[in-house]
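Here are my notes for anyone opening this model for the first time. Have the viewer ready and follow along point by point.

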Amino acid sequence: MAIVESLEEIPVQNPQVEDFSWSDLTWTKFGTSEHHDVVALIPYARVDEFIIGECSNAECPTRFHIERGRKRSRGSLKDFKSDEYLEYRLYWCSFGPENYGEGGGVLPSRKYRLNTRNRAARPQSMRGCTCHFVVKRLYARPSLALLVYNERRHVNKSGFTCHGPLDRDAIGPGAKKIPYICNEIQQQTMSMIYLGIPEENVLEKHIEGIQRYCGDDDTVNSLASQYVHKLGMIIKRSTHELDLDDQESIKIWAERNKKSIFLHQEASETDQFMLGIQTEWQLQQFVRFGHCSLVAADSTFGIKRLKYPLCTLLVFDSRHHALPIAWIISRSYLKSDVEKWMKILLKRARSVEPGFKINGFIVDDAATEIDPIRETFSCPILFSLWRIRRSWLRNVVKKCDTIEVQRQLFKCLGEVVYSIWDDGVDTSKALERLTQDFTDQTGFMQYFTSTWLPKIGMWLSTMKSLPLASQEACGAIEAYHVKLKVKLFDDTHLNALQRVDWLVHKLTTELHSSYWLDRYADESDSFQNVKEEYIASTSWHRASEIPDSAVTLDSNDNTVAAKVQSQRDVEVTRVVSNPGSEFAFCDCAWSLQGNLCKHIVKVNTMCENREGYGDSMSLRSFKEKLRSIKMKPMDDSISLDLSMALTLHMLDQIKQLVELSGTDDISKIVNDLPVKWGCKRGRTTVGIPASMAAFTKKRSQKRKR
């Protein structure tokens, strides 16, 4: 398009249609090569018809309001240019740009929010749209108007479409007629669509939700149907690939989802790439279930297959299921980097709950930096065995042929771990015995000597120095890991594993929606199928459904095997060898995939209360800690008194927890609590010595006189 320097060269256009818009006009570049605008000349009498046509844009329906206006009287200028104005009006899209949370800015003519009457008809209309144009009534030719379009696209400052059907958050031009849709209903609808639930079922649940606010109305149902359909189309058209370059795509996503990001550090010569994701709902769950409770880490997911490993922080919900409350995507495990994102997470939690603290942090990797956890959260650290157990079991099943060899080899691996607490047993001799007894299993021994033997000392010393997490916690973490693996490592997505934007898209859409719907179904007692699957998603809960009568323990040699009768097929019996140990071996399909199955959990639970079976690793680790506390101080010393006080305090807390978890009537425990409530009049003196209380009372009486 050539640049025109004189308005005389620009033709006047008068389209034959009643209402016309940008596409009906031929636009010209007017000005100089350094500074020019895209303009068109039309009759001044048809300016309103042009504005109506622009408001009727099918892709971004809107309204334009006058943001700034100036006038001159005729004859006020002695010398003037051809483009000087008699009247000047700046028209701005009513959907922008006062959207402070998404990169928008303040309109140029004011520094405060102004609720004008001609803005778009919904309170969330200020979405950062930068579309605006200028209408000049020419001073030299008052019958003509010069249209100057500064920004044609309806986008925000980040370059994204911010309203209309092309906007992922838009609900169409009839937004002002849509009934009230709270965040809960919107999240429920989005979660069901992301999980692939048919549109008919989504619409049914959506209408049930909005009828709580609007009642039963045909118009409401029709508009709700349009909303669900449009939301489904937006989600289906959404893609993770915002740019061909993965790094640029992540930048765009991060700019677009600032509320869901607590840390974004781009890769450079001195810094590693780091991306921390935590939605508002995850922050709420972090504060709700993490306060004065446990936080666990699934630390090295996808270290071989993904571009950057994924670390997930988990809390345990009301059913003791693992719930993801933050995702950290990074290859850096430096102390400074780990401490950085941990402190940010703690600060976010304390912005919601000022007294937020956690009582324990569970790690699953011996190479994890412990110091940042202690310095940030100031809490005890526990170690989970699920990762080493799963890795060993998967390779035993994969590389050994017969079931008997698999049982014996896995039992021997467990003896290596148990040897760290046995007095007089050398761990190196246990390893030597392992390599000698199974020299014929070349496949597994090559894997073990190359992968685990160089670092087995570090893992065993970590297990001995840190308390071990319970089998229930290990099973919950493993259940999350398995679900994450199913969601991400699908065959249809193998080509996208090396893209970070794909990983972020899967986490924030499908996985987040799945856990949100699970919690919503459980708390609201809706979506019974979803609720039942959620409750039975861990081996611990599935084991509780097996009756004790279905388990048979060998009374002659109770250390050999146990038999568990299947509840689905009475003729099927599962054999659990090495019962009572975390390294028990079951011949069911779920266990042979490397998972902790319900049969092992059930058998180990029954073995805890029987003679002849050893303690679990977590209980044995706890006893070792108590024994070390007892043996550490000298007799008749202050250290002994301190150790005894700490031990008794810990035992008292354990008794209270056992009593709380084992009771059926909470009122009995509440009545036994040593709390004395003062009356309303005397609450200010509760806990104050009698002399001080009397003194306070006299002073107050004196002031009254």
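The points below go from the whole chain to a sheet, its helices and a few single residues.

1. Start with the overall picture, and keep in mind that this is a predicted model. The protein chain has 23 helices and 18 strands. Of its 705 residues, 47% count as buried. If you take contacts in the chain between residues at least 6 apart in sequence, 65% of them join residues at least 24 apart.

2. Next, find the open sheet of seven strands, whose pairing is mixed. Reading across, the order is S8-S9-S12-S11-S10-S13-S14. Strand S8 (261-265) and strand S14 (381-383) are at the edges; each has a single partner strand, so one side of each has no neighbour in the sheet. From one strand to the next, the twist averages 20 degrees. As background, strands of a sheet pair through backbone hydrogen bonds, in either a parallel or an antiparallel way.

3. S8 and strand S9 (residues 274-277) run antiparallel and are joined by four bridges. Two pairs to look for: Gln265 stands opposite Met274 in S9, and Leu263 has Gly276 of S9 as its bridge partner.

4. Another is helix H14 (residues 471-488), lying across S10, S11, S12 and strand S13 (360-363). H14 runs at about 135 degrees to S11.

5. H6 also packs with helix H15 (residues 500-524), at an angle of about 50 degrees and with the axes 12 Å apart. The two helices are therefore oblique to each other, and their crossing is left-handed. On the H6 side, the contact is made by Trp281, Gln282, Arg288 and Phe289. H15 contributes His512, Tyr515, Trp516, Arg519 and Glu523.

6. For another helix pair, go to helix H9 (residues 386-399) and H10. How do their axes cross? They come within 10 Å and cross at roughly 155 degrees. H9 and H10 are therefore roughly antiparallel to each other, and the crossing is right-handed. H9 makes the contact with Arg389, Trp392, Leu393, Val396 and Val397, while H10 uses Gln406, Leu409, Phe410, Leu413 and Val417.

7. While you're on H9, have a look at Asn395, which is placed in that helix. Its relative accessibility is 14%, so Asn395 counts as buried. Leaving aside residues up to four places away in sequence, Asn395 touches Cys400, Phe444 and Tyr447.

8. Finally, two backbone spots worth a click. Cys292 has phi near 55 degrees, a positive value in a residue other than glycine. Cys292 lies in the loop between H6 and S10, and at 38% relative accessibility it counts as partly exposed. Asn578 also has phi near 55 degrees, again positive in a residue other than glycine. Asn578 sits in the loop between strand S17 (573-577) and strand S18 (585-586). With a relative accessible area of 15%, Asn578 is buried.

Note on methods
Residues numbered from 1 in each chain as written. Predicted model: local features only at pLDDT ≥ 70, side-chain atom pairs only at ≥ 80, totals over all residues. Heavy atoms only, no water. Pairing = 2+ DSSP bridges. Axes fitted to C-alpha atoms, helices over the stretch in contact; angles between N-to-C directions. Contact = heavy atoms within 4.5 Å. Parallel < 35°, antiparallel > 145°, perpendicular 65-115°, else oblique. Left-handed = near helix turned anticlockwise from the far one by under 90°. Buried < 20%, exposed > 50% of the residue type's maximum accessible area, 1.4 Å probe, protein only.
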